[in-house]
Amino acid sequence: MSTQNTAPATTPVTGSASGRTQQIRRYLMCRPEHFTVSYTINPWMEPANPTDTALAVRQWQALYDTYIALGHEVHLIDPIEGLPDMVYTANGGFVIDNVAYGAKFRFQERVPEGPAFMDWFRDNGFEVAEPVEVNEGEGDFLLVGDTILAGTGFRSTGDSHRELGDVFGKEVVSLTLVDPRFYHLDTAISVLDPVEGPGGVEKANIAYLEHAFDERSQAILAERYPDAIRVADADGAVFGLNSASDGLNVIISPRATGFEAQLRERGYNPVLVDLSELLLGGGGIKCCTLELRR
Ligand SMILES: NC(=[NH2+])NCCC[C@H](N)C(=O)O
């Protein structure tokens, strides 16, 4: 396995192929210059194991370069020393229509990231909705069509789901996570077609890991997304679902080989980017990517 790649292992495709259409996205990322694992707030983090910050930066750069090659717009927030998890920008807020609902982190170690991201949003022309309730942004909130899927169980509270609905005036569907390895919603669900197509909401689709959810949530997902890709536990366990889709290209871990095949069958173009070093902190591709919807 190559962990030193600086170019995507699979060629990105722009435009449309196999009936899938690419939508250009605007992302926020944070170079992991201060990345390390110095505390444990999820089962992946093991401070006794050494981390290689330079390797983390190279792998992160490959993801950044992939987005740029695909034509996406990537903004950067400055990393702050002492906040090693800041690379996981998905947790920094949730943005729709230029409004950023700020994050309020569950664990003390990450609490200072909340204001840092809100400052960035304000400085860059976003309106900020300050959170009262504990929530970890796009780590737990995913926009699918016009509905927000919201995770709880480990990090974001049920009350934050209500607050989220008040801020955006959209339908919020609460889902409960039950496996500590999949503590954020974006580790268990991948939004494949984030935006409604000409065909309407029914075009929006997801992939998910069934066993990460309680029975009630499994039933909701089965009912709402009958065409969803259900990934195997083996692909979920390597963070295969922690991926970023532009409607055509789906950036995934090279370890998620089953999911890669499922995506190809459906006409998506999987693009493989290895973030093995960042997985030591319990994060992957989606965790390092926050969508800025204007
Ligand atoms: N969107 C995500 N799943 N981010 C991963 C966050 C990883 C971080 N170490 C934490 O436990 O909070």
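Colleague: How many bridges join strand 14 to strand 15?

Modeller: Two bridges join strand 14 to strand 15 (residues 249-252), and the two run antiparallel. Strands here are DSSP runs of E of at least two residues and helices are runs of H or I of at least four, numbered from the N terminus; two strands pair if DSSP finds at least two bridges between them. Please note that this is a predicted model, in which local features need pLDDT of at least 70, side-chain atom pairs count only at pLDDT 80 or more, and totals for chains, interfaces and linings use all residues. Residues are numbered from 1 along each chain as its sequence is written, and side-chain values use heavy atoms, with hydrogens and water left out.

Colleague: Which residue stands opposite Ser245?

Modeller: Val250 in strand 15 stands opposite Ser245.

Colleague: And what is the strand order of that open sheet?

Modeller: The order is 14-15-16, with mixed pairing. Strand 14 (244-245) and strand 16 (269-272) each have a single partner strand, so one side of each is left without a neighbour in the sheet.

Colleague: Which strands does helix 6 lie across?

Modeller: Helix 6 (residues 257-265) lies across strand 15 and strand 16, at about 150 degrees to strand 16. Contact means heavy atoms within 4.5 Å; axes are lines fitted to C-alpha atoms, for helices over the stretch in contact, and angles run from 0 to 180 degrees between N-to-C directions.

Colleague: Turning to the sheet 11-12-13, in what sense do strand 11 and strand 12 pair?

Modeller: Strand 11 and strand 12 (residues 206-208) pair in the antiparallel sense over three bridges, and Val191 stands opposite Ile206 in strand 12.
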